[in-house]
Amino acid sequence: MNDTVDLLFFGAHPDDVELGCGGTIAKLAKDGARIGMVDLTRGELGTRGTPQTRKREAQHSARILGALFRTQLDFGDGNLQTGREQELEIVDLLRRHRPRVVFVSYPDDRHPDHTRAGRIVTEASFYSGLRALPAPGHAHRPQTVVYYIQNYMLPPSFVVDTSKTWKTKMRAIAAFKSQFSIPGTTSKSKEPQTFISKPGFLETIDARGRHFGALIGVEFGEAFVTKQPPRVDDVIAAYAGREV
Ligand SMILES: [Zn+2]
């Protein structure tokens, strides 16, 4: 079986990746990229739903987005562990799947698990390239780590036009039925309301997508931050259809 991917998307919790960059996954998958997804925790601390429910929902969502697989690790929701043991688990995935680009949450966010996820994936991406590292597999270092934006607003390094896959992103989010109030459905959930289950949360995702889209002159966009700037070969094309 060919386990290699072009892009590997990491999230601390099931649904982080969908909210941050589901439209980009769907777009790249549609364009033919091989994509894998990794949740670092089972989301067992979530107020609503059980880890089993979330696992089923997460697998369904990955299929909607067009990912080839979704792996779930168990670093501990609400106290995400970032020791050498966890680092080597990520190195193992990087060496097996050999992604050219890795995506993860920014290593500074309101939720400490997101901060820790960003840090450990960034550091493991470097260590994975060390040949002498006492770890199985052949050394592999991705070209770069790209950060999707979550709770803290950050100046984007680039924005992806996700207008054509925005509906797919929202369908993937809707797959997490236990977590969100889906507009237009008559969910009679007796579970407690949380920050993300409140009516209005999905509207803020929509509004953010429109805002990022407006920055590049399209309907919907997803914004990303990188520590190394992307190379732009065609400056005119990069600003096509826009005016100062
Ligand atoms: Zn999260």
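This is a predicted model: local features need pLDDT of at least 70, side-chain atom pairs count only at pLDDT 80 or more; totals for chains, interfaces and linings use all residues.
Start by selecting D109, which sits in the loop between β4 and α4.

**Stop 1: around D109**

Is D109 buried or exposed? D109 is buried, because 21 other C-beta atoms lie within 10 Å. Here, buried means 20 or more other C-beta atoms within 10 Å of the residue's own, exposed means 12 or fewer, and partly exposed is in between, with C-beta atoms placed from the backbone. Leaving out residues up to four places away in sequence, D109 touches H114, T115, Q150, N151 and Y152. Touching, or being in contact, means that the C-beta atoms of two residues, placed from the backbone, lie within 7 Å.

**Stop 2: the whole protein**

Zoom out and colour by secondary structure. From the N terminus on, they run β-α-β-α-β-α-β-α-β-β-α-α-β-α. The C-alpha trace spans about 55 × 50 × 35 Å along its principal axes. For 244 residues, a compact globule would have a radius of gyration near 18 Å, and the protein agrees, with 18 Å. That radius is taken over C-alpha atoms, and the globule rule is 2.2 Å times the number of residues to the power 0.38. Of the 244 residues, 42% count as buried. Among contacts with a separation of 6 or more, 78% are between residues 24 or more positions apart.

**Stop 3: the nonpolar core**

Next, select F9, F10, I25, F103, V104, A117 and V121. These have the most contacts inside the largest nonpolar core, which has 53 residues. Such a core is a set of buried Ala, Val, Leu, Ile, Met, Phe, Trp, Tyr and Cys residues joined through C-beta atoms within 7 Å. The largest share of this core, 6 residues, comes from α1. In soluble globular proteins, nonpolar side chains tend to be buried together. Keep F10 in view: not counting residues up to four places away in sequence, F10 touches V38, L40, V102, F103, V104, A117 and V121.

**Stop 4: T24 in helix α1**

Move to T24, placed in helix α1. T24 is buried, with 27 other C-beta atoms within 10 Å. Which residues does T24 touch, not counting residues up to four places away in sequence? They are V160, T162 and E222. Select L65 as well: T24 and L65 are 41 residues apart in sequence and 9.1 Å apart in space, C-alpha to C-alpha.

**Stop 5: two helices side by side**

L65 leads us to α2. Show helix α2 (residues 51-65) with helix α5 (residues 166-174): their axes come within 8 Å and cross at roughly 170°. The axes are lines fitted to C-alpha atoms over the stretch in contact, and angles run from 0 to 180 degrees between N-to-C directions. α2 and α5 are therefore roughly antiparallel to each other, a term used for angles over 145 degrees. S61, I64 and L65 of α2 meet T168, R171 and A172 of α5. These contact residues divide into 3 nonpolar, 2 polar and 1 charged. Nonpolar covers Ala, Val, Leu, Ile, Met, Phe, Trp, Tyr, Cys and Pro; charged covers Asp, Glu, Lys and Arg; the others, Gly among them, are polar.

Stay with α5, where 7 of the 9 residues are buried. They are W166, T168, K169, M170, A172, I173 and A174. Their cover includes α1, α2 and α6 (201-215).

**Stop 6**

Most residues other than glycine have a negative phi. D15 has a positive value, near 100°. Look for D15 in the loop between β1 (7-11) and α1 (16-30). D15 is buried, with 24 other C-beta atoms within 10 Å. R98 also has a positive phi, near 50°, and belongs to the loop between α3 (84-97) and β4 (101-105). R98 counts as partly exposed, with 18 C-beta neighbours inside 10 Å.

Terms used
Residues are numbered from 1 along each chain as its sequence is written. Helices (H or I, at least four residues) and strands (E, at least two) are DSSP runs, numbered from the N terminus. Angles under 35 degrees count as roughly parallel, over 145 as roughly antiparallel, 65 to 115 as roughly perpendicular and the rest as oblique.
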